[in-house]
Amino acid sequence: MTEINNSNNNNIYTIDCEGDGLSKDLNRVVFPDGNHFDPDTRIWCITITNPNFKTYTSVCKIPGTRTLPNGWTTKAYHLPTTKVPNRIWACGEFHNVIEFINYNDFLWNIHNILELLPNVHFKGFGEHDYDKELLQVNFKKYNIDTIPLKKMVNVNPTRWTKTEEQVHTSDYLPNQDYLNYGIKHNIEDTIQLMRYMKGIV
């Protein structure tokens, strides 16, 4: 975590979470209220970017699908044979990726990192604090205190350069490509938000 914590620039950090939920359009049908939030969403990839555009990405693979309240089944999963790469090419350079096998360890790791940071900005879903809420419900399920999440700040960019397309397992990609694209998308979104916070885009 030294790359994230030892930045001598300003104290802006960005975060993005990838979950196993349905696409936004389908979530609106299953969860019609508010931010169409699926409270059982399992986070599988998180990236934090520091002011110098150094990233910290952690991954905990999705072991299988879930059944939603209306009987639908989520589509996101990772096969046992699908490998988490040690690094991913995104935004013109390689970024290191760390894999966690145990989901509880994965969440505690993010909790401990957030404790060290002065603030973390995320791209909101309108006024809804999607990433913050997602971490909150997952932390509570594993009896992890949510105090570090108070530092998270919702940002609604007025301009946004398109990043790597978010893909779903229903897009008929090989499972390895699905995982790789998801990690790349996650990294690029945090870098893009950092660029926005710095007035670069």
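Q: Why is Phe53 called partly exposed?
A: In this predicted model, Phe53 has a relative accessible area of 22%. Buried means under 20% and exposed means over 50%. The value of 22% falls in between, so Phe53 counts as partly exposed.

Q: Where is Phe53 found?
A: Phe53 is in the loop between β2 (43-49) and β3.

Q: What is noted about the phi of Phe53?
A: Phe53 is not a glycine, yet its phi is positive, at about 65 degrees.

Q: What makes Cys91 partly exposed?
A: The relative accessible area of Cys91 is 44%. A residue is exposed over 50% and buried under 20%.

Q: Where does Cys91 lie, and what is its phi?
A: Cys91 lies in the loop between β4 and β5. Its phi is near 55 degrees, a positive value in a residue other than glycine. The hairpin of β4 and β5 has 2 residues between the strands.

Q: How do you know that β4 (residues 87-90) and β5 pair?
A: 4 bridges join β4 to β5. Pairing takes at least two bridges, so the two strands pair. They run antiparallel, and Trp89 has Phe94 in β5 as its bridge partner.

Q: How do you know that β3 (residues 55-59) pairs with β5 (residues 93-99)?
A: 3 bridges join β3 to β5. With at least two bridges required, the two strands therefore count as paired. These strands run parallel, and Ser58 stands opposite Ile98 in β5.

Q: At what angle do α3 (residues 103-116) and α4 (residues 130-141) pack, and how far apart are their axes?
A: The angle is about 120 degrees, and the axes are 10 Å apart.

Q: Which residues make the contact, and what is the handedness of the crossing?
A: From α3 come Tyr103, Leu107, Ile110, His111 and Leu114, and from α4 come Leu135, Asn138 and Phe139. The crossing of α3 and α4 is left-handed.

Q: How do the residues of the contact of α3 with α4 divide into nonpolar, polar and charged?
A: There are 6 nonpolar, 2 polar and no charged residues. Leu, Ile, Phe and Tyr count as nonpolar, so Tyr103, Leu107, Ile110, Leu114, Leu135 and Phe139 fall in that class. His111 and Asn138 count as polar.

Technical notes: Residues numbered from 1 in each chain as written. Predicted model: local features only at pLDDT ≥ 70, side-chain atom pairs only at ≥ 80, totals over all residues. Heavy atoms only, no water. Axes fitted to C-alpha atoms, helices over the stretch in contact; angles between N-to-C directions. Left-handed = near helix turned anticlockwise from the far one by under 90°. Contact = heavy atoms within 4.5 Å. Buried < 20%, exposed > 50% of the residue type's maximum accessible area, 1.4 Å probe, protein only.
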